2 protein chains.
Amino acid sequence: MPDLARRLAVARGDEPADLVIRGGRVFSAFTREWLEGDLAIADGYVAGLGDYEGAETLDASGRYAVPGFIDAHMHLESSKLLVDEFAKLVLPLGTTAVVADPHEIANVLGTDGVHWLADLCTDLPLDVFFMASSCVPASAFESPRRPLLPGDLEGLLRRRRVLGLAEMMNFPGVVAGSESELEKLGLPGATHVDGHAPSLLDKGLNAYAAAGIRSDHEMSTIEEGRQRLRVGMWVLIREASGARNLHELLPLVHEFGPHRLAFCTDDREPEHIAEDGHVNSMVRDAVAAGIAPEDALVMASLNAATWHGLRDLGALAPGYQADVLVLPDLESFVPETVLKAGREIEEIARPEVPEWVKHTVRVRPLSTNDFAIPWEGDGRARVIGIVPDQIVTESLADEPSVLDGRVQSDPDRDLLKIAVVERHLGTGRIGLGLVRGFRLRSGAIASTVAHDAHNAIVVGVKDDDMLRAVRRLSETGGGVVVIDRGIVRAELKLPVAGLVSDASLDEVIADSRACVEAAHALGCELPSPFQTMAFLALSVIPQLKITDRGLVDVDRFELVPLRA
Amino acid sequence: MPDLARRLAVARGDEPADLVIRGGRVFSAFTREWLEGDLAIADGYVAGLGDYEGAETLDASGRYAVPGFIDAHMHLESSKLLVDEFAKLVLPLGTTAVVADPHEIANVLGTDGVHWLADLCTDLPLDVFFMASSCVPASAFESPRRPLLPGDLEGLLRRRRVLGLAEMMNFPGVVAGSESELEKLGLPGATHVDGHAPSLLDKGLNAYAAAGIRSDHEMSTIEEGRQRLRVGMWVLIREASGARNLHELLPLVHEFGPHRLAFCTDDREPEHIAEDGHVNSMVRDAVAAGIAPEDALVMASLNAATWHGLRDLGALAPGYQADVLVLPDLESFVPETVLKAGREIEEIARPEVPEWVKHTVRVRPLSTNDFAIPWEGDGRARVIGIVPDQIVTESLADEPSVLDGRVQSDPDRDLLKIAVVERHLGTGRIGLGLVRGFRLRSGAIASTVAHDAHNAIVVGVKDDDMLRAVRRLSETGGGVVVIDRGIVRAELKLPVAGLVSDASLDEVIADSRACVEAAHALGCELPSPFQTMAFLALSVIPQLKITDRGLVDVDRFELVPLRA
């Protein structure tokens, strides 16, 4: 181990460091103190803090050196960027490591897609760790290209940077003791398991924890957070684009201290990251809300590393990887300098994207008839009710507008038709329903980003625009599209698995904004209509969702008819 | 997994628990709160806390249910008891798991001895985990039967209950980047490593931590504790019979909270445990010294489990093993009831002790001449200075009493001769020196318990009594003996490796007390003369020590002559 011997020589002060960061206050994640001294870096690792000399010196006078931020749970695909572009975006914001659940691409391309994505990350200056996607499909109500079976997971768990089993979204299955879910939990390598159990409390939560699941990021109330801590689960506080829980959960820090709390972004849109930041935005917002900077910093670094057993990350201490942020203040949390393994970030190469990860949208030829919803007599229909800024929905009921025995979208009452069309195998399976909250006056919006199976989801006023929107997605290989009176008003092409762009951040953001503006032009008032729509097919988030198999009552965990 | 399915059914409340603990306040190790509810236990695990029914009920009204205590670092052999007897002693005191470094038996019997000891523990109701002894010998100045080589360690690390590498006592070697020590740290399975670095500070400590060593239990000052926490090392607060650091280190809890602090007993004599307690005595003393009971409890349970990665131990929460103590109050910390994996402790079977672990004392025939220390002219000699209640010594210098060109013990000045005789291979190698602090007026005391190589150590006034003492150890297969004027005044036989008795606790304590009384009758005033003597051969604890190879200046880490 010549590397280690040299690192020890640097630590002892017998050899000069590669780099010394001098004059700043250095954060001790273990004691939550600010220490003074030279931070010596050798071969990408911290050698020591003290009185050191180095081949190079970085002046950090009046500044703060803190460990790089770690995103405890996220889905790379939600950034809509290829990983090189994602790394270029988040590294300058201070995120130096992420723990990714690749279940979006897994739903579309199976384990081959996961291995391809993981291979892309090997040489990145961003540390990307993976969890093996435990729930593909998220439930039996969803239709991925093919399910990941326990054997698939076993294969993934063998990879070096796969840390454990990703969010166990089928929490009703786990709680009920479903044989297939317990089989996954019993796999070799599956001792480290992330949870996903929105609203689960009391005895149900006891059962979920008793199954060995020791984290959650789906809490939206302080009581959910308290109960999770008490049963020994780590609380991963999430601030996604469509689900923001930071302010609700921050009181946990006051109640119990920052221990066993970490930050995660889960699903963040590229424009959200570009405008607001990444993990650093959570640190900033937490501090602005009255959390001590030291507590927020430890949640953003060491705690995430500890939960995931990343023993060399999350602190500026001897033997830890030198992922260092130099911060000008403790308010903005936008780093002045970011060092990854002791070096400034250099050019990141653009990877080649093979053809086989594109062209994944296969829809059986459809007609407007496929979007027809027959309705006889009176009575009320179930309606998916959008909850702004949340991925949970309400289960509403209202009388549909009916014409010629068929349910119609009714913009005046904000009752729009919604459909999910199976797009992996061309089965032509389609789920139809009603949604309230989009306020479209005309046209249709559609996307192949529709968690988790990522079939084609479409909301519209007229059936022919809905049909046109799905056809367009099929033509382009997927993405987001806004149609009005048969014409494409805006689109964001996501040719990689129908989920991810191969364009630059700027192009993605420009196209994404154009889509939002086009939707707004059609009357929609939601700040992120496509983000909101993308979670309406996720059958494991309460209350009422829709998949290609129909409406799902998530609380009862069963398919339900449109008629209420 | 039928067990897990049943546990989940109990957690849900769909099936009755095996046992419900009702009416008590239940400690949440994660939030350091007291919770109310029924603690449901199924198949040895906690299923949940809430409103539960069970086949059996334990009334804990007005009492406190807390997780079993875990000893984060200890040597089983120091109890001088076989493990069944040790378990019978500590389980009622609330210790339900220990992490043992078997380096005493490893010095005498190699890996065969370790495997034998580990096999003995498999079916115990006490959970015994092991660390692979990293330093056999503790340094090149000590003579075990044979050294443990990296290949031996690799074999040990493959065992299921071996968690990592035990205390890296050769801290000067690690800091200096010694190839052999770095080779051990690079072994597969050696990612989890306990430290041992008394008095190491600043750059030396940085190097030690940079090598990946992340705990220590050898601190005797608060500043040592602070520095260790800052470099990311866990502080295992030790209260051994001969080295007591609890009160010195408790202020760390006030400064930084209880995080990354745990308790350990290291080396506790059987009478110490019987009279004062085990881990529970540290909890009691910490609380008496002003530490919040909740902080002390978490240090005694969850923190030790967390450091060692024992994911199912250390808390009363769903999925954790039901090691439960019912405490009548939060002062004495003597449990009223102890449940191990949900059951009261039953009879523990006495194991058979094979002949090959006995008869390990092999000394070359000696004469009084072997104890002679030639001395010419004036000048001062190095003298080992005992520090009461510590295993560190002072390096003193004084003029020896000389007769006929040979150094003599001088009881009037409390300057006694000390010798260490190699006893594994019969080489006849002998180290000779002087010690101050025993205050013997007559006779000799000797022992085959002499850390870590466990050669025969003897302190005496007359050479013939010293010789007689070593011969007696050879005759009995080892132990502790007090000789005066050629006659055995008291002895404690330790036939198992010369370290451990195969008798009952009561017999061991009676014989041990008799030995101490006999030493006191000879003038010694030390409370635990044999405990003190046992560490005088440990060449990795500052400052001046003695082995069969001679005097060791531990700070300079080299053999030094008697002449100062």
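The model is predicted, so local features need pLDDT of at least 70 and side-chain atom pairs count only at pLDDT 80 or more, whereas totals for chains, interfaces and linings use all residues. Residues are numbered from 1 along each chain as its sequence is written, chains are lettered from A and ligands numbered from 1 in the order in which they are written, and side-chain values use heavy atoms, with hydrogens and water left out.

**View 1. The contact between chain A and chain B.** Each chain takes part with 49 residues (contact means heavy atoms within 4.5 Å). About 4000 Å² is buried between the two chains, and carbon and sulfur atoms give 59% of that area (buried area is the accessible area, with a 1.4 Å probe, that two parts lose on being put together, summed over both). Four salt bridges cross the interface (a salt bridge is a side-chain nitrogen of Lys or Arg within 4 Å of a carboxyl oxygen of Asp or Glu). A:E33 and B:R230 meet through their side chains in a salt bridge of 2.7 Å, N to O. Among the elements that give two or more residues to the side of chain A that touches chain B are β3 (33-36) and α8 (222-230) of chain A (helices are DSSP runs of H or I with at least four residues, strands runs of E with at least two, numbered from the N terminus). The most comes from α1(A), with six residues.

**View 2. The rotation axis between the copies.** Chain A can be laid on chain B with an RMSD of 0.1 Å by a turn of 180 degrees and a shift of 0.0 Å along the axis (superposed by least squares on the C-alpha atoms of residues with pLDDT of at least 70 in both copies). That is the relation of a two-fold axis. Both copies use the same surface, as 100% of the contact residues of chain A recur in chain B. Of the residues of chain A, A:H259 comes closest to the axis, with its C-alpha at 4.3 Å.

**View 3. The salt bridge of A:R238 and A:D266.** The closest N and O atoms of this pair are 2.8 Å apart. A:R238 lies in strand β14 (residues 234-238) and A:D266 in the loop between β15 (261-264) and α11 of chain A, so the pair ties together parts that are 28 residues apart in sequence. Both residues are buried (buried means under 20% relative accessible area, exposed over 50%, partly exposed in between, with a 1.4 Å probe and protein chains only).

**View 4. Two salt bridges within chain B.** B:D84 and B:R350 meet through their side chains at 2.8 Å, N to O. B:D84 lies in helix α2 (residues 83-90) and B:R350 in the loop between β18 (343-344) and β19 (381-386) of chain B, so the bridge ties together parts that are 266 residues apart in sequence. B:D84 is buried at 1% relative accessibility, whereas B:R350 is partly exposed at 39%. In the second bridge, the side chains of B:R159 and B:D119 meet at 2.9 Å, N to O. B:R159 is in the loop between α4 (150-157) and β11 (162-168) of chain B, and B:D119 is in helix α3 (residues 103-121), 40 residues apart.
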